[in-house]
Amino acid sequence: MTRHDGRSFADERIELDGTGFRNCRFARCELVYAGGPPPELVNCHFEDCNWAFTGSAAVTLGFLSAMHGGGFAALVENTFEMARRGDFLPALTEEPKEGRAGAKDHPLMFRVPRVLKLRRRSETED
């Protein structure tokens, strides 16, 4: 991991994946996350910066947007609530484990929800 400590960046495009920043200042920068190893941003100052998501990060956000509009709004809202609570943070340091049928099973892997068929009101009335 490339690390920067106490640096100042201005008017630059900064690729964040796999990079550490401590005590750094960013002014008018475009900060880009592509979905690779999460960056380390510790005690940094951001002034008039833009954040961009590309690659896998953009695909994931697009998928969540489509799910939200496609009938899975509650699942997406719950996912973001878990993110607000920090529930995913410990998983960032864990290594992928072997799962069922030898597939890689990472703690951040998105689990496809089981959709239950709801009974119509007339079916539930006696």
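The following conversation walks through one predicted protein model.

Visitor: What kind of model is this, and how are residues numbered?
Guide: This is a predicted model, in which local features need pLDDT of at least 70, side-chain atom pairs count only at pLDDT 80 or more, and totals for chains, interfaces and linings use all residues. Residues are numbered from 1 along each chain as its sequence is written, and side-chain values use heavy atoms, with hydrogens and water left out.

Visitor: How many helices and strands are there?
Guide: The protein has 3 helices and 11 strands. Helices (H or I, at least four residues) and strands (E, at least two) are DSSP runs, numbered from the N terminus.

Visitor: In what order do the elements run?
Guide: Starting at the N terminus, the order is β-β-β-β-β-β-β-β-β-α-α-β-β-α.

Visitor: How much of the protein is buried?
Guide: Of its 126 residues, 20% count as buried. Buried means under 20% relative accessible area, exposed means over 50%, and partly exposed lies in between, using a 1.4 Å probe and protein chains only.

Visitor: And what does the accessible surface come to?
Guide: The accessible surface is about 9500 Å², and 53% of that belongs to carbon and sulfur atoms. Such areas come from the Shrake-Rupley method with a 1.4 Å probe; for residues, only the protein chains shown count as cover.

Visitor: Let us turn to the sheet. What is the order of its strands?
Guide: There is an open sheet of 3 strands in the order β3-β6-β9, with parallel pairing. Two strands pair if DSSP finds at least two bridges between them.

Visitor: Which strands stand at the edges?
Guide: The edge strands are β3 (13-15) and β9 (50-53); each has a single partner strand, so one side of each is left without a neighbour in the sheet. From one strand to the next, the twist averages 25°. For such angles, axes are lines fitted to C-alpha atoms, for helices over the stretch in contact, and angles run from 0 to 180 degrees between N-to-C directions.

Visitor: How many bridges join β6 and β9?
Guide: Strand β6 (residues 30-33) pairs with β9 in the parallel sense over 4 bridges. Leucine 31 stands opposite tryptophan 51 in β9.

Visitor: Is tryptophan 51 buried, exposed or partly exposed?
Guide: Tryptophan 51 counts as partly exposed, at 45% relative accessibility.

Visitor: How many aromatic pairs are there?
Guide: The count comes to 5 aromatic pairs. Rings of Phe, Tyr and Trp (its six-membered ring) pair if their centres lie within 6.5 Å; planes under 30 degrees apart count as stacked, over 60 as edge-to-face and the rest as tilted.

Visitor: Why is the pair of phenylalanine 21 and phenylalanine 26 edge-to-face?
Guide: Their ring centres are 5.3 Å apart and their planes stand at 75°, so the pair is edge-to-face. Phenylalanine 21 is buried, with a relative accessible area of 1%, and phenylalanine 26 is buried with a value of 1%. Phenylalanine 46 and tryptophan 51 form a tilted pair, with 5.4 Å from centre to centre and 55° between the planes. Phenylalanine 46 is partly exposed, at 32% relative accessible area.

Visitor: Which residues form the aromatic cluster?
Guide: One aromatic cluster is formed by Phe9, Phe21, Phe26, Phe46 and Trp51.

Visitor: What does histidine 4 touch?
Guide: Histidine 4 touches Phe9, Thr19, Gly20, Phe21, Arg22 and Cys24, not counting residues up to four places away in sequence. Contact means heavy atoms within 4.5 Å. Histidine 4 lies in strand β1 (residues 2-5) and is buried, with a relative accessible area of 18%.

Visitor: And arginine 3, buried or exposed?
Guide: Arginine 3, which lies in strand β1, is exposed at 54% relative accessible area. Leaving aside neighbours within four places in sequence, arginine 3 is in contact with Gly20 and Glu40.

Visitor: What joins the side chains of arginine 3 and glutamate 40?
Guide: A polar contact of 2.7 Å joins them. A polar contact is a pair of N or O atoms within 3.5 Å; within protein, one must be able to donate a hydrogen and the other to accept it, and residues adjacent in sequence count only if both atoms are side-chain atoms. The C-alpha atoms of arginine 3 and glutamate 40 are separated by 8.6 Å, although the residues are 37 apart along the chain.

Visitor: One last topic: where is asparagine 23?
Guide: Asparagine 23 sits in the loop between β4 (19-22) and β5 (25-27). Asparagine 23 has a positive phi of about 55° although it is not a glycine. Most residues other than glycine have a negative phi. Asparagine 23 is partly exposed, with a relative accessible area of 39%.
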